[in-house]
Amino acid sequence: MPDVHGVLIIARNGDRTEFYQDPYTYEPSYTESTPLGAVESHQLGCYLRSTYLNPSSPSHIQGIRADLVQNDQVLVHAKAGGEGTAVFDSAIAVLQGLFPPNSGNLIHLANGTEIVTPLGGYQYIPVEMAPSNVDRALESWTECPAFEQHIKSVYASEGFKETVKSSGPFFGAVRDYVFGRSTALENAWNIYDFINAQLTHNQTYAYRLPPTFIEQAHGYANYHENAIFSDKETGGIGNIAGRTILNTILHTLQRITFDEDPLRLLLLETSYQPFISLFHMLELVNEHPQLAAIPNHASALAFEILRGPPPELREFLRIKFKNGTDDEFQTYPVFGHQGDIAVTEFLYRLENFAISSQKQWESACGIHSGYFGITSATESMNMLFAAFSVFLLLGVFVLSWFKRRRDTYVPVREVHVVSNEKGRLLP
């Protein structure tokens, strides 16, 4: 068995409250995580720990520190837009499972006092998030005119029109159980999400929902989201969710594989959309059509970087998927391979389809604002800090200039102000 040199994990958030998305623009509404979602994500973190941080596991990451986190070995990004609140909470819960509290997480002070971090040695791991309005790596499909046109094209397609006809009986019958929500195939995601949230958290609703309704709603939502977040062309606008996250994937593979870089584990906590696009871009749906669907909460897609024993010098990639908390990782060869794929081939096949900057995203979306350069959460924050620094230096310069003017000013004459006995000012 080759050694696992590093792993990139894309994880979906856990359970949350109802989440509405506009069926024509995918503008999101507010949602928040639930205790169930935190438990689901924590279970995922525990599973990842037993798989990748346990020295007795065949998938153990070589050289990673498992007891106390070494922050230069672990990098975490969480989506800010859309379901951002639930996504961030899920990332924290996954990390609690990956790196549980350890009583060895302590410090000795100069006076001899021993201080253990709160909660019995809780491990604080940085989570990077981009501002929601520039989170184009993990939410690239909103405010994108070309993607909105793609949605219209899907709705106008013959296949969609045929499905509208065949789904008519269900959407007619479900009307009494969605309380005024639009019962059209275009709104399939919101119908399913509402029913699923109510079925999970509302016992009265669960008692009266007819059998098979949740399965039918789920099926039509799968059809809808798979049509929206895929494309016949790998570089098509329908795959934009996969194309933007792909930049981070490729960059991380290069860091772990080619550089003398300590990074061993990257966690990308996000929502369901990139999964669907990536499954199409990697041609997984060709052999496994069940993947052309919405992944369950707390699902995970793993990219394992493998190094064989000498004289093999190349690194290989093994891709695994775990659909929710009930399943184990299953291996899925990509691009028609029967086994692992060389990292170099993987990079070569996909590097031209990755969207790596704000400028490229705007070009793909048909936007011409002239603003460009944001490629990640870190870079966006660097730009904000740089802009702030420029304004700060400008302010210091202006204040210094006025101070010099004041210090060198010499009055040409003195003006005395006096008052008469009635208190009136006189020149």
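# A walking tour of the model

Across the protein the average pLDDT is 88, and 85% of the residues score at least 70; pLDDT is the predictor's confidence in each residue, on a scale from 0 to 100. Since you are looking at a predicted model, local features here need pLDDT of at least 70 and side-chain atom pairs count only at pLDDT 80 or more, while totals for chains, interfaces and linings use all residues. Residues are numbered from 1 along each chain as its sequence is written, and side-chain values use heavy atoms, with hydrogens and water left out.

**Stop 1: the whole protein**

Start with a cartoon view. The secondary structure comprises 14 helices and 11 strands. Helices (H or I, at least four residues) and strands (E, at least two) are DSSP runs, numbered from the N terminus.

Of the 427 residues, 47% count as buried. Buried means under 20% relative accessible area, exposed over 50%, and partly exposed in between (1.4 Å probe, protein chains only).

Among contacts between residues at least 6 apart in sequence, 69% join residues at least 24 apart, where contact means heavy atoms within 4.5 Å.

**Stop 2**

Select residues 371-393. Their pLDDT stays under 50, and the model has 29 contacts for them beyond four places in sequence. Next, select residues 401-427, where the pLDDT is also below 50; this stretch has 10 contacts in the model beyond near neighbours in sequence. Where pLDDT is low, the predicted coordinates should not be read in detail.

**Stop 3: around T34**

Select T34, in the loop between β1 (3-12) and α1 (35-53). Is T34 buried or exposed? With a relative accessibility of 11%, T34 counts as buried.

Show the side chain of D15 as well: a polar contact of 2.6 Å joins it to the side chain of T34. A polar contact is a pair of N or O atoms within 3.5 Å; within protein, one must be able to donate a hydrogen and the other to accept it, and residues adjacent in sequence count only if both atoms are side-chain atoms. Leaving aside neighbours within four places in sequence, T34 is in contact with D15, R16, T17 and H201.

**Stop 4: a nonpolar patch**

Select I107, L109 and I115. Together they form a nonpolar patch on the surface, with about 260 Å² of accessible area. Patches are made of residues with over 30% relative accessible area and no salt bridge; like charges are joined within 9 Å, and nonpolar side chains (Val, Leu, Ile, Met, Phe, Trp, Tyr) within 5 Å.

I107 belongs to strand β3 (residues 106-108), and I115 to strand β4 (residues 114-116). I115 is partly exposed, at 40% relative accessibility. Which residues touch I107, apart from its neighbours within four places in sequence? They are T113, E114 and I115.

**Stop 5: salt bridges**

A search of the whole structure finds 11 salt bridges. In each, a side-chain nitrogen of Lys or Arg is within 4 Å of a carboxyl oxygen of Asp or Glu.

Pick D67 and R65, whose closest N and O atoms are 2.9 Å apart. D67 is partly exposed at 39%, and R65 is partly exposed at 38%.

Move on to E139 and K79, a salt bridge with its closest N and O atoms 3.4 Å apart. E139 lies in the loop between α3 and α4 and K79 in the loop between β2 (74-78) and α2 (84-98), so the pair ties together parts 60 residues apart in sequence. Both residues are buried.

Then select E143 and R136, whose side chains meet in a salt bridge at 3.0 Å, N to O. E143 is partly exposed at 47%, whereas R136 is buried at 10%. Salt bridges that share partners also join R16, E83 and D193 into one network.

**Stop 6: two positive phi angles**

Stay with E143, in the loop between α3 (118-121) and α4 (145-156). What is the phi of E143 near? The value is near 55°, positive in a residue other than glycine. Most residues other than glycine have a negative phi.

Finish at T212, in the loop between α7 (203-208) and α8 (213-228). The phi of T212 is near 75°, again a positive value in a residue other than glycine, and T212 counts as partly exposed at 43% relative accessibility.

Conventions
Areas by Shrake-Rupley, 256 points an atom, 1.4 Å probe, with all protein chains shown as cover.
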